[in-house]
Amino acid sequence: MEPVLACGVAAKLRSQWDRAEGLGQNDRALKFLGQDFGSLQAECLRNRCLFQDEAFPPQASSLGFKELGPRSSKIQGVDWMRPTELCSNPQFIVDGATRTDVCQGALGDCWLLAAIASLTLNEDLLHRVVPHGQSFDRDYAGIFHFQIWQFGEWVDVVIDDRLPVKDGKLLFVHSAEGAEFWSALLEKAYAKLNGCYEALSGGSTSEGFEDFTGGVTEMYELKNAPPDLYSIMGRAVERGSLLGCSIDITGMFDMEAVTFKKLVKGHAYSITGVDEVTFKGNPTKLVRIRNPWGEVEWTGPWSDNSKEWGSVDQAVRARLYNRSEDGEFWMSFSDFLREFSRLEICNLTADALQSAELKKWSSALYQGEWRRGSTAGGCRNYPATFWINPQFKVELQHPDTEGQSDCSFVLALMQKDRRQKRREGKDMETIGFAVYEVPQEVRT
C-alpha cells in the first residue's frame with residue numbers, strides 16, 4: 001500500500017491490462033522515463049558519439065539537495081568523468097562480480113551496498129539486475145542499463161557512465177581493484193531512480209534486498225532471537241536468500257562509532273555464509289560477515305588473525321580461512337547474537353529461484369491507499385474510524401509440510417516514492433498493519 005492519492009480509474013485499468021500482458025516482469029521491464037536502452041545505444045553507435053543522459057545530468061542537482069547540495073563543501077571540486085578517462089583499461093566486470101567490488105565511498109548508503117554485496121553471491125539474481133553483455137569494449141557507447149524492482153514492477157533504468165570524481169577518485173562506491181565499474185554504475189542507476197545520490201543516504205538493507213529481487217524481507221531482533229535462528233539462517237543461505245545485519249546506535253554520536261573489537265555501530269553488514277567447525281572437540285557455529293567499506297574487521301574470536309584457527313582441521317581451515325583485509329570475517333554465532341542487534345532476511349519469490357529448488361514461496365501483491373476522509377482511518381487508537389482502513393482477506397491453503405496444518409507466510413507493507421520526496425523535506429510516513437484471525441463461525 002502507499003499513502004498517496006489514487007490514480008484515475010483509467011490508469012488503474014491500464015496498469016491491470018499491462019500486468020496481464022506480462023509488462024513489469026523482469027524479462028519485460030518497464031522503461032524508466034520512457035528511455036529505451038537498445039535504441040539509444042544504437043543511435044550513439046550510428047552517430048559515433050557517447051551517450052549523454054539529459055534526464056540525469058552531471059550537475060549539482062544530481063548529487064543532492066542538502067548535505068550534498070550546491071552550496072555544500074562536500075561537492076566542491078567534484079568533476080564528472082567516464083571510466084575511460086579515469087583509467088587506461090576500464091572493465092565492467094572482471095572474473096565475475098564479487099563482494100570486493102563493492103566498497104563504500106563518501107555517501108551513507110552502506111545499507112544499499114550491503115544488499116549489492118549479498119547479490120553477488122547469487123549469479124542468477126545478479127544478472128536480473130545487471131543485464132549480460134555490457135562492457136567498455138564491444139559496442140561501447142557510454143551507455144549502460146540496470147533493472148530494479150519498484151513496488152511490484154521491474155523498471156529498466158538507463159544511465160550514461162559519467163561518474164562523480166574528486167581528487168582523481170570515484171566519490172562514491174568503487175571496487176577494491178579500482179578498474180571495475182559495474183557497482184559504481186549500478187549505484188548511479190539507483191540514484192537516478194530516486195532523484196539524486198543524497199536520496200540514498202540512510203536506510204535499511206531490507207529495502208535494497210527487495211529492490212534487487214522483488215522478494216519479501218523478515219526481520220529479527222537478536223536480543224529476542226528464536227531458538228532455531230541458526231537453522232533459519234542456514235536454510236536461508238542454502239535457498240539463496242539475502243541476509244544483512246546491523247548494530248543499533250543509542251544516539252547520533254554513536255553513528256559509525258567503532259567498538260573495541262572493530263565493529264561499526266549504525267552500519268549495515270551483509271552475511272555471506274554460515275558454517276560449523278569442530279573446535280577442541282566441540283561443534284562451533286560460525287557466521288561469515290562482510291563490511292561494505294572493504295576494511296575495518298572484527299578482531300575478536302575467529303577473526304582473521306585469531307588463535308582459534310590454529311586448532312581447526314587443516315582441510316577446514318583451507319576452505320574457510322582468509323587473512324586479507326577485505327572487510328570480510330568470521331565470528332562465532334554466540335558472539336554474533338551478543339554483538340549485533342538486528343538480522344534481515346530477504347525471501348525470494350518463485351520467479352527468482354532456480355527450477356531445481358524444491359520449496360518456493362508463492363506471492364500476491366495488493367495495491368491500496370490511504371485517502372483523507374475516505375480510507376485513512378488512523379490506528380487502533382481511533383476505534384470509530386479504524387475500520388475504514390483498507391482491508392484484505394488472506395486464506396492460507398498450502399501447508400509447509402504435507403499432512404500437517406502449519407502454513408508459513410510473510411506479510412510486508414511498503415510505501416511508494418518516498419525517497420524521491422526527500423528533496424521536498426518529506427520522508428517515510430508512519431504506517432503499519434494489524435493481523436486478525438477470522439473466527440471459524442464467520443468464515444466463508
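1. Helix axes here are lines fitted to C-alpha atoms over the stretch in contact, and the angles between them run from 0 to 180 degrees between N-to-C directions. Helices (H or I, at least four residues) and strands (E, at least two) are DSSP runs, numbered from the N terminus. The model is predicted: local features need pLDDT of at least 70, side-chain atom pairs count only at pLDDT 80 or more, and totals for chains, interfaces and linings use all residues. Residues are numbered from 1 along each chain as its sequence is written, and side-chain values use heavy atoms, with hydrogens and water left out.

2. Helix α5 (residues 110-119) and helix α8 (residues 205-213) have axes that come within 7 Å and cross at roughly 45°. That makes α5 oblique to α8. Angles under 35 degrees count as roughly parallel, over 145 as roughly antiparallel, 65 to 115 as roughly perpendicular, and the rest as oblique.

3. Which residues make the meeting of α5 with α8? From α5 come W111, L112, A114, A115, I116, S118 and L119, and from α8 come T205, E207, G208, F209, F212 and T213. By type, the residues of this contact are eight nonpolar, four polar and one charged. Contact means heavy atoms within 4.5 Å. Ala, Val, Leu, Ile, Met, Phe, Trp, Tyr, Cys and Pro count as nonpolar, Asp, Glu, Lys and Arg as charged, and the others, Gly among them, as polar.

4. Helix α8 is mostly covered, with nine of its nine residues buried. Buried means under 20% relative accessible area, exposed over 50%, and partly exposed in between (1.4 Å probe, protein chains only). The buried residues of α8 include E207, E210 and D211. After α8 comes G214, with a positive phi near 75°.

5. Helix α5 also packs against α7 (182-193), at an angle of about 130° and with the axes 12 Å apart. That makes α5 oblique to α7. This crossing, too, is right-handed. W111, L112, L113 and I116 of α5 and W182, L186, E187 and Y190 of α7 make the contact. Its residues divide into seven nonpolar, no polar and one charged.

6. In helix α9 (residues 229-238), the buried residues are L229, Y230, I232, M233, G234 and A236. They pack against β7 (216-221), β8 (242-246), β9 (268-279), β10 (282-290), α11 (333-339) and β12. Just after α9, G240 has a positive phi of about 80°.

7. Most residues other than glycine have a negative phi. K262 is not a glycine, yet has a positive phi of about 70°. K262 is in the loop between β8 and β9 and, at 40% relative accessibility, is partly exposed. V296, also not a glycine, has a positive phi of about 65°. V296 lies in the loop between β10 and α10 (314-320) and is partly exposed, at 21%.

Notes: A crossing is left-handed if the near helix is turned anticlockwise from the far one by less than a right angle, and right-handed if clockwise.
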